[in-house]
Amino acid sequence: MTAPASPVGTGIGLRQPHYREVFERRPALAFLEVHSENFFLEGGASMHALERARAAYPISLHGVGLSLGSADRLADEHLARLERLVRRVQPALVSEHLCWGAVGGVHFNDLLPLPYTGEALALLADRVDHVQSVLKRQLLVENLSAYVECRDSEMTETAFLAELARRTGCGLLLDLNNLYVNAVNFGFDAAERLDALDGASIGQIHLAGHSVVDDCLVDTHGAVVCDPVWQLYMQACRRFGPKPTLIEWDTDLPALDVLLQQAAQASDIAEREAAHA
Amino acid sequence: MPDLLAFQVDFAAALRDGARTPALARRLAGETDIVDGRMAIYRANMVAAADKALSAAYPVIRQVVGDEFFHGLAREYQRVTPSTSGDLTGFGARFDDFLASFEHTQAMPYLPDLARLEWAAHLAYGAADAPGWDAAALAEIPPERQDAIRFQWSPGLAVVRSAFPIVRIWTIHQPGFDGAFEVDWSQAETALVARDGFAVTVTRCPPDQAAFIEASLRGASLADAASDTLEHHPDFDLGAFLARALAARLVCGATY
C-alpha cells in the first residue's frame with residue numbers, strides 16, 4: 001500500500017484560537033495537523049476553517065478516538081465518519097494511536113496503554129488492515145505516552161510497532177516526546193529504542209512538551225519541546241533522514257509565534273543533520 | 001475471557017472506581033503506591049476530557065455556576081452518563097436531564113432550559129451549511145398547492161421554550177456583551193436558535209411564531225401549521241412572519 005507524497009518539512013497543529021492569524025499570515029509551513037474528531041461535523045465555522053486550511057496547506061488528520069486496541073470491538077460508526085472526512089479533506093497524512101480507549105460500551109476518551117503481547121499484536125494487525133482497507137490508504141500509528149506498564153508485555157512498544165508495520169504496511173508516527181516521557185517514567189534508554197526502528201517505516205515525527213507531576217512526566221502538549229527531546233530529534237534526523245515533523249500543542253495554547261519558533265528550530269535541526277548525513 | 005479483554009475490563013473498573021485498583025495492580029508493573037498515583041493521572045484525564053467537552057457545549061452554564069462547580073458537574077455527569085463514543089461532540093446531549101435531577105442544582109431551576117438552549121446552539125454550530133430559499137420561489141408555487149407546502153427549515157434551527165428568561169441569560173454571557181447585567185426573572189422566554197452564515201444566533205421568539213415553527217418542524221403543512229397557530233394566537237400574521245423568516249434564511253426549501 002503506498003501513501004500519497006508526504007509533505008517534507010515542519011508543520012504545526014491548527015487550533016481554533018489561531019485560525020484567523022494563520023489564514024492572514026500564511027506562515028511558511030509544510031503542513032497543518034488537526035484532530036480528526038473535531039471535524040466530524042456536517043458544516044459550520046469549523047468545517048469552513050478546515051476547507052480554508054486545506055486550500056493553503058497539506059493537511060494531516062490525527063485521530064484520538066478510534067481506539068484501535070479495544071478488545072471487544074472496533075467502532076465502525078467512528079471509522080465511517082473518519083472515512084467520510086478523509087474523502088472530503090484528501091489529507092496528506094492520517095494517523096491514530098497505539099492504544100485502547102473503550103470497553104463494554106464505555107469510552108474513556110483517553111489514550112490507554114496496551115500490554116505488548118502476541119494476542120494484542122494479532123488484534124492490532126487485524127484492526128490496522130481493516131482501517132487501511134476502509135480508508136484505502138496507509139495509516140500511521142503513533143507510540144503512546146504512558147503512566148503505567150503492563151506486567152504481561154512480551155516485547156517493547158517499539159518492537160511491537162515495528163512488527164505491526166511489517167505485518168500491515170502501516171507507517172509509524174514516532175512521537176519523540178512520548179518516547180522520552182516513557183523512558184523517564186519507566187527507566188529505559190530512549191536513544192536505544194530509536195536504534196531498533198527501521199527508518200523506512202517512519203512516516204511522521206511528533207515533537208511536544210510535557211509537564212512533571214511528582215515523579216511522573218505527563219504528556220500535556222502544553223509546553224515547549226525540552227532539550228532531551230531535541231537531542232532525540234537530532235538523533236532521529238541523522239538516523240532516519242528528514243521526516244514530516246509536527247510541533248504539537250494542545251493545552252495552554254501560546255501565541256502562534258511560539259509555535260512557529262519551535263517549528264523553525266525543528267527545521268534548522270533537520271537541515272543541519274541532513275547536511276551531516 | 002481473552003487476556004487483553006480481561007485487562008481492559010479491570011482497567012476500566014479501576015478508572016471508574018478507585019477501590020477496584022488492586023485487581024488491576026496485579027497486572028501492572030511497579031509498586032502499589034506508585035501505580036495508585038499513576039492511575040490517579042488517568043482518572044484526572046478522564047474528568048478533564050468530560051469537563052472540556054461540556055465546557056465547549058455549555059460555556060454559559062460554566063460562567064453561571066463557576067469553573068469549580070462546573071468541574072464537579074462534569075465529573076458527576078460523566079459518572080452517571082459515561083461517554084459511549086470516541087467523538088465527544090455528542091457527549092453533553094443529556095446534560096439538561098442531569099441538571100433537572102441532580103440534587104445540587106435544584107436551587108437553579110432555569111439550568112435545564114438553559115442547557116437545552118446551549119445544546120441547540122451547539123448542534124446548530126456544526127449543522128450542514130444551507131443556502132437560503134428565495135421568496136420568489138414561494139410566490140411561484142401555484143395558489144392551489146400553497147396549503148400543502150411543507151417547509152424545510154435550515155439545519156440546526158430549533159425552538160427552545162422556557163418559563164425563565166433564558167435568552168436574556170444567554171445574551172448577557174456572550175463574549176463582548178457590555179450592556180447592563182440585569183435579568184427580569186419574571187419573563188418567560190422562548191428562544192429561536194438558528195444559523196446566520198457560520199454564526200449561531202439566539203433570539204427571542206414570540207409565542208405565535210414559536211407555535212408555527214414547532215408545528216412545521218413536526219411535519220405539518222403550511223395550512224395545518226397556520227390553523228393550529230391561529231387557534232391559540234388569533235393575531236398571528238403569517239405573511240409578515242414568512243417574509244421575515246425567508247429574509248433571515250431560516251427556510252432552505254419546501255415540498256408541496
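Of the 256 residues that make up chain B in this predicted model, 37% count as buried. A residue falls in this class if 20 or more other C-beta atoms lie within 10 Å of its own. The secondary structure of chain B consists of 13 helices and five strands. Its radius of gyration is 24 Å, well over the 18 Å that the globule rule gives for 256 residues, and chain B is therefore more spread out than a compact globule. The C-alpha trace covers about 80 × 45 × 30 Å along the principal axes of the chain. Among the contacts in chain B with a separation of 6 or more, 65% are made by residues 24 or more positions apart.

The strands considered next belong to an open sheet of chain B. Three strands form this sheet in the order β2-β3-β4, and their pairing is antiparallel. The edge positions are held by β2 (158–160) and β4 (199–204) of chain B; each has a single partner strand, so one side of each is left without a neighbour in the sheet. From one strand to the next, the twist averages 25 degrees.

The pairings can be followed strand by strand. Strand β3 of chain B comprises residues 191–196 and is joined to β2(B) by three bridges, the two strands running antiparallel. Within this pair, B:A158 is placed opposite B:V193 of β3(B). On the other pairing, six bridges link β3(B) with β4(B), again in the antiparallel sense. Here B:A194 has B:T201 of β4(B) as its bridge partner. β3(B) and β4(B) form a hairpin with two residues between the strands, and in this hairpin B:G197 adopts a positive phi near 65 degrees. In a regular strand, side chains alternate between the two faces of the sheet.

A helix accompanies the sheet. Helix α7 of chain B, residues 111–125, lies across β2, β3 and β4 of that chain. The helix runs at about 15 degrees to β3(B).

There remains the contact between the two chains. Chain B contributes 38 residues to this contact, and chain A contributes 43 residues. On the side of chain B that touches chain A, α1 (3–16) and α3 (32–57) of chain B each supply at least two residues. Sorted by class, this side of chain B has 23 nonpolar, ten polar and five charged residues. The size of an interface is often expressed as the accessible area lost when the parts come together.

Conventions. Residues numbered from 1 in each chain as written. Chains lettered and ligands numbered in written order. Predicted model: local features only at pLDDT ≥ 70, side-chain atom pairs only at ≥ 80, totals over all residues. Pairing = 2+ DSSP bridges. Helix = DSSP H or I, 4+ residues; strand = E, 2+ residues; numbered from the N terminus. Axes fitted to C-alpha atoms, helices over the stretch in contact; angles between N-to-C directions. Contact = placed C-beta atoms within 7 Å. Rg over C-alpha atoms; globule rule 2.2 N^0.38 Å. Buried ≥ 20, exposed ≤ 12 C-beta atoms within 10 Å, placed from the backbone. Nonpolar A, V, L, I, M, F, W, Y, C, P; charged D, E, K, R; others polar.
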